[in-house]
Amino acid sequence: MTTPELQTARLILKPLASEDATQIQRIFPRWEIVRYLVASVPWPYPDNAAQNYVDNVALAATRAGKGWFWTLRRKENADELMGVICLMDTPDNNRGFWLAPEWQGQGYMTEACHAVTDFWFNALGRDVLRAPKAVANDRSKRLSQRSGMRLVRLQKGEYVSGELETELWEITREKWNQLHH
């Protein structure tokens, strides 16, 4: 299934496109964004890293039917990219996201996660969504808790900031639909 545009009360989740790499390159390379991302994210972030990621990782996964990637944009300024959220057909790692710090703490990622999680379960028909996160990433953990996810296990994880304790969170389609529909 192709990646559709999704909308929330305040956001347009626009399918990621190659031309988005310019804005990503400008706003993404900040320690407060990358520190809890997987260690495969290059740091320091090279000049062409966003274009490489968008074209050769994200859009390649989309073409293969293994990933769905969106940019987050406020409805009142749809040209400005605020962050990225994705769903991936990867065991124990189905959803990932980042949001520029100036937009954090305002509920935008909660809205985006709700929209893409609903897509995962009710458009793609998946049975469970799992998301790993660094134990130290309190905001991400609270988002999972508020959405009804449960902690499955603790493990080690490799992040840009090094090896960290990691929590694996999950929610089932049945639980999601019970809580959100």
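## A buried aromatic pair

Phe121 is buried, its relative accessible area being 1% (buried means under 20% relative accessible area, exposed over 50%, and partly exposed in between, with a 1.4 Å probe and protein chains only). Trp176 also counts as buried, at 1% relative accessibility. The ring centres of Phe121 and Trp176 are 6.4 Å apart and their planes stand at 35 degrees, so this pair is classed as tilted. By the rule used here, rings of Phe, Tyr and Trp (its six-membered ring) pair if their centres lie within 6.5 Å, and planes under 30 degrees apart count as stacked, over 60 as edge-to-face and the rest as tilted. Phe121 belongs to helix H4 (residues 108-122) and Trp176 to helix H6, so that the pair links distant parts of the chain, 55 residues apart; helices (H or I, at least four residues) and strands (E, at least two) are DSSP runs, numbered from the N terminus.

This is a predicted model, in which local features need pLDDT of at least 70 and side-chain atom pairs count only at pLDDT 80 or more, while totals for chains, interfaces and linings use all residues. Residues are numbered from 1 along each chain as its sequence is written, and side-chain values use heavy atoms, with hydrogens and water left out.

## Other rings

The structure holds eight aromatic pairs. One of them joins Tyr53 and Phe69 edge-to-face, with 6.4 Å from centre to centre and 75 degrees between the planes. Because Tyr53 lies in helix H3 (residues 49-63) and Phe69 in strand S3 (residues 67-74), this pair ties together parts that are 16 residues apart in sequence. Tyr53 is partly exposed at 34% relative accessibility, whereas Phe69 is buried at 4%. Elsewhere, ring pairs link Phe28, Tyr45 and Trp98 into a cluster.

Rings also meet charged side chains: the charged end of Arg10 sits over the ring of Tyr108, 4.1 Å from its centre, and Arg126 lies over the face of Trp120, at 4.8 Å from the ring centre. For such a case, NZ of Lys or CZ of Arg must be within 6 Å of the ring centre and within 35 degrees of the ring normal.

## Salt bridges

A salt bridge is a side-chain nitrogen of Lys or Arg within 4 Å of a carboxyl oxygen of Asp or Glu, and by this rule the count comes to 15. Among them is the bridge between Asp20 and Arg73, at 2.7 Å from N to O. Asp20 lies in the loop between strand S2 (11-15) and helix H1 (21-27) and Arg73 in strand S3, so the two tie together parts that are 53 residues apart in sequence. Both Asp20 and Arg73 are buried.

Asp92 and Arg130 also form a salt bridge, again with 2.7 Å from N to O. Asp92 is partly exposed at 27% relative accessibility, while Arg130 counts as buried at 19%. Asp92 and Arg130 are also part of a network of salt bridges that includes Arg150, Arg153 and Glu170.

Cys86 is in no disulfide, and the nearest cysteine sulfur, that of Cys113, is 10 Å away. Cys86 is buried, with a relative accessible area of 7%, and Cys113 is buried as well, at 3% relative accessibility.

Note on methods
Disulfide = S-S within 2.5 Å.
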